Amino acid sequence: MVSSAASSPVQIRCQGVLFDMDGILISSIASVERSWTKWSLMRGVDPVHACRTAHGCRAIETVAILRPDLDCVAELKVIEDIELADGEGLAVLPGVLKLLAALPETAGRW
């Protein structure tokens with residue numbers, strides 16, 4: 001008989017937990033794609049290419065790939081401002097609230 005990971009609990013002993021939010025705790029894919037589309041149109045870049053390039057890549061690196069002629073730090077601020085202004089459709093992923101509620105409330109540990 002094959003047992004699935006979901007059928008038996010896993011215990012992990014550690015001193016801290018570091019979470020990457022997007023795709024781990026929340027889904028912001030629509031907002032991210034809208035933001036990169038807006039930025040790319042402002043900067044004369046093909047939006048489809050910009051969105052494909054941005055996935056899985058740090059924003060500053062994406063800017064450097066798409067528009068190496070621009071100041072990456074300044075453009076990072078632009079894209080971050082666009083992303084922060086667009087919170088539409090953000091969703092907590094399944095199981096996240098249960099996971100967070102199960103973590104001990106030790107200050108500064110997660």
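From the N terminus on, the secondary structure elements of the chain follow the order β-α-α-α-α-β-α. The chain thus comprises five helices and two strands, where helices (H or I, at least four residues) and strands (E, at least two) are DSSP runs numbered from the N terminus. The structure is a predicted model, in which local features need pLDDT of at least 70, side-chain atom pairs count only at pLDDT 80 or more, and totals for chains, interfaces and linings use all residues. Residues are numbered from 1 along each chain as its sequence is written, and side-chain values use heavy atoms, with hydrogens and water left out.

Of the 110 residues of the chain, 23% count as buried; the term buried denotes under 20% relative accessible area, exposed over 50%, and partly exposed the range in between (1.4 Å probe, protein chains only). Contact is defined by heavy atoms within 4.5 Å. Among contacts between residues at least 6 apart in sequence, 59% join residues at least 24 apart.

The largest nonpolar core contains 13 residues, of which Trp36, Trp39, Val45, Ala50, Val63, Leu66 and Ile79 touch the most other members. Helix H1 (29-42), helix H2 (47-54), helix H3 (59-66) and helix H4 (72-85) each supply at least two residues of this core. The largest share, four residues, comes from H4. A nonpolar core is here a set of buried Ala, Val, Leu, Ile, Met, Phe, Trp, Tyr and Cys residues joined through side-chain atoms within 4.5 Å. Val45, one of the core residues named above, is in contact with Trp39, Ser40, Ala50, Leu66 and Arg67 when its neighbours within four places in sequence are left aside.

Two of these core residues, Trp36 and Trp39, both lie in helix H1, three residues apart, about one turn of the helix. Trp36 is buried, with a relative accessible area of 3%, and Trp39 is likewise buried, at 0% relative accessibility. A pair of aromatic rings is described by the distance of the centres and the angle of the planes. Rings of Phe, Tyr and Trp (its six-membered ring) pair if their centres lie within 6.5 Å; planes under 30 degrees apart count as stacked, over 60 as edge-to-face and the rest as tilted. The count by this rule is one aromatic pair. Trp36 and Trp39 form this edge-to-face pair, with 5.4 Å from centre to centre and 75° between the planes.

The packing of H3 and H4 was examined next. The two helices pack at an angle of about 120°, with their axes 9 Å apart; axes are lines fitted to C-alpha atoms, for helices over the stretch in contact, and angles run from 0 to 180 degrees between N-to-C directions. H3 passes H4 in a right-handed crossing. A crossing is left-handed if the near helix is turned anticlockwise from the far one by less than a right angle, and right-handed if clockwise. On the H3 side, Ala59, Ile60, Val63 and Ala64 meet Cys72, Val73, Glu75, Leu76 and Ile79 of H4.

Thr62 is also located in helix H3 and is buried, at 0% relative accessibility. Leaving aside neighbours within four places in sequence, Thr62 is in contact with Trp36, Ala50, Thr53, Ala54 and Cys57. Cys57 is partly exposed, with a relative accessible area of 24%, whereas Cys51 is buried, with a relative accessible area of 11%. A disulfide is a covalent bond between the sulfur atoms of two cysteines. With a disulfide taken as a pair of cysteine sulfur atoms within 2.5 Å, the count comes to zero.

Met42, in helix H1, is partly exposed at 43% relative accessibility. Apart from neighbours within four places in sequence, Met42 is in contact with Val78 and Ile82.

The loop between H4 and strand S2 (91-92) contains Leu90, and Gly87 is found in the loop between H4 and S2 as well. Leu90 counts as partly exposed at 46% relative accessibility, and Gly87 counts as partly exposed at 42%. Not counting residues up to four places away in sequence, Leu90 touches Ser27, Ser28 and Ser31. Leu90 and Ala30 are 60 residues apart in sequence and 8.0 Å apart in space, C-alpha to C-alpha. For Gly87 and Ser31, 56 residues apart along the chain, the C-alpha atoms are separated by 6.4 Å.
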